[in-house]
Amino acid sequence: ASAYSFELALPGGGALPMSGVSEVGVLPTHRRQGMLRALMDAVVDQALDREEALAGLTASEATIYRRFGFGPAVRFQSVSIDTQRVARTGLVTPPVGERVGVGGRIRFVAPTEAEGVQARVWGRHWRRYPGELRRPDTWWAMTAVDPEEDRDGATPRFLVVHEDGDGQVDGYAAYRLKLSLVPGESTLVVIEVAAASDAVEAALIDWLLTVDLIHRVDWRAAPPDLPLRWAVADSRAVQQTREGDHLWLRPLDVARCLASRRYTGSGGFVVEVLDGDRPPLGGRFRLDAGPGGADCERTDAAADLTVATAELGSVLLGGVAWSTLARAGLVAEHTPGALARADALFRPERPPYNATHF
């Protein structure tokens with residue numbers, strides 16, 4: 001087992017230190033001997049020692065990590081885009097002030113320039129999406145290795161950047177090509193798109209759809225609220241092929257997690273957090289929240305809502321509503337109206353998204 005030290009973007013633009021648990025494995029000869037429990041205890045203990053407010057992971061199987069207090073918090077969708085149908089219908093003219101006037105140009109970047117360019121763009125990008133991570137400086141050197149076994153039969157990666165009217169780089173797109181001699185079967189595979197604004201992000205996506213001789217663009221981990229479907233005249237040219245969980249979160253400091261994000265409107269409630277794996281981390285907490293900030297502290301007051309740690313991880317970024325988990329039997333409402341207040345407060349400005357695989 002290992003862990004990265006990340007910062008996690010929160011709704012409203014804030015961030016918290018997060019332990020990114022990774023590479024957890026037990027030899028098949030040593031299963032059912034408590035090894036996984038010991039490994040998970042060790043990495044969480046170390047996260048607490050580093051005063052990281054929460055832990056996160058990407059789960060290989062969805063049945064393993066709830067018992068350690070992790071809940072799915074960020075989801076993704078895979079989309080396949082028929083570029084011929086998009087080209088025939090064309091893009092809908094955007095409203096004035098949205099994409100009109102973005103200007104600039106898109107150009108290719110050589111490998112020697114890629115690390116510095118990506119790091120600068122990512123610094124402006126990651127807080128735009130609740131659930132995204134601030135990547136360490138060493139991340140870009142690791143990405144540049146681009147081993148052949150990670151390409152799934154596609155080409156090495158290409159990198160293009162968007163420059164604004166002053167020549168400053170404000171976005172990039174990384175992709176591969178799966179080329180075929182059979183007409184109509186060549187595909188562009190999107191690795192990731194990062195940008196300083198929605199307008200630049202849209203310009204990069206539009207460019208990817210116009211690469212010559214490409215009939216399909218596959219984006220295997222796209223944002224769950226990808227606007228492209230609404231921006232084209234033929235929305236059926238954009239087909240969702242998969243939807244799944246990506247980042248799982250486990251709050252370690254409940255009060256700090258709830259106090260550090262921003263909320264929609266003003267209000268609050270008392271929540272009882274049941275931490276079966278580490279009971280001292282749970283308890284009752286009073287949240288007083290608003291668009292400008294929040295306070296959260298332990299309390300002895302009666303609880304309005306009760307939730308387990310894993311489910312608190314799921315609602316923290318707004319990826320699922322409290323009322324949805326209540327209908328699933330995972331949240332108890334003790335005070336009428338508390339669920340509605342929680343739903344209203346936790347609604348994010350955009351659904352959480354994460355393109356960082358670790």
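Buried means under 20% relative accessible area, exposed over 50% and partly exposed in between, with a 1.4 Å probe and protein chains only. D218 counts as buried because its relative accessibility is 14%.

This is a predicted model, in which local features need pLDDT of at least 70 and side-chain atom pairs count only at pLDDT 80 or more, while totals for chains, interfaces and linings use all residues. Residues are numbered from 1 along each chain as its sequence is written, and side-chain values use heavy atoms, with hydrogens and water left out.

**Around D218**

D218 sits in strand β10, residues 216-222. Strands (E, at least two residues) and helices (H or I, at least four) are DSSP runs numbered from the N terminus. Contact means heavy atoms within 4.5 Å. Leaving aside neighbours within four places in sequence, D218 touches V79, S80, T187, L188, V189 and V190. With S80 there is a side-chain to side-chain polar contact of 2.9 Å. A polar contact is a pair of N or O atoms within 3.5 Å; within protein, one must be able to donate a hydrogen and the other to accept it, and residues adjacent in sequence count only if both atoms are side-chain atoms.

**Salt bridges**

A salt bridge is a side-chain nitrogen of Lys or Arg within 4 Å of a carboxyl oxygen of Asp or Glu. The structure holds 23 of these salt bridges.

| Pair | N to O distance |
|---|---|
| R176 and D146 | 2.9 Å |
| D198 and R350 | 3.2 Å |
| R216 and D218 | 3.2 Å |

D198 counts as partly exposed because its relative accessibility is 45%. R350, at 15%, counts as buried.

A network of salt bridges links R37, D41, D45, R250, D275, D277 and R278.

**Helix α3**

Helix α3 spans residues 111-125, 15 residues in total. From first C-alpha to last it reaches 21 Å, close to the 21 Å expected at 1.5 Å a residue. That expected span is 1.5 Å times one less than the number of residues. Which residues of α3 are buried? They are A114, V117, Q118, V121, W122 and H125. An α-helix has 3.6 residues a turn, so residues three or four places apart point the same way. The buried residues of α3 pack against β6 (133-134), α4 (138-145), β7 (158-163), β8 (169-178), β9 (187-195) and α5 (198-208).

**A five-stranded sheet**

Five strands form an open sheet with mixed pairing, in the order β14-β13-β12-β15-β16. Two strands pair if DSSP finds at least two bridges between them. β14 (293-298) and β16 (331-333) are the edge strands, each pairing on one side only. Neighbouring strands are turned by 25° against each other on average, direction ignored. Axes are lines fitted to C-alpha atoms, for helices over the stretch in contact, and angles run from 0 to 180 degrees between N-to-C directions.

β15 (residues 305-308) pairs with β16 in the antiparallel sense over three bridges. L305 stands opposite E333 in β16. Helix α10 packs on the sheet, touching β12 (267-274), β13 (283-290), β15 and β16. The direction of α10 makes about 105° with that of β12.
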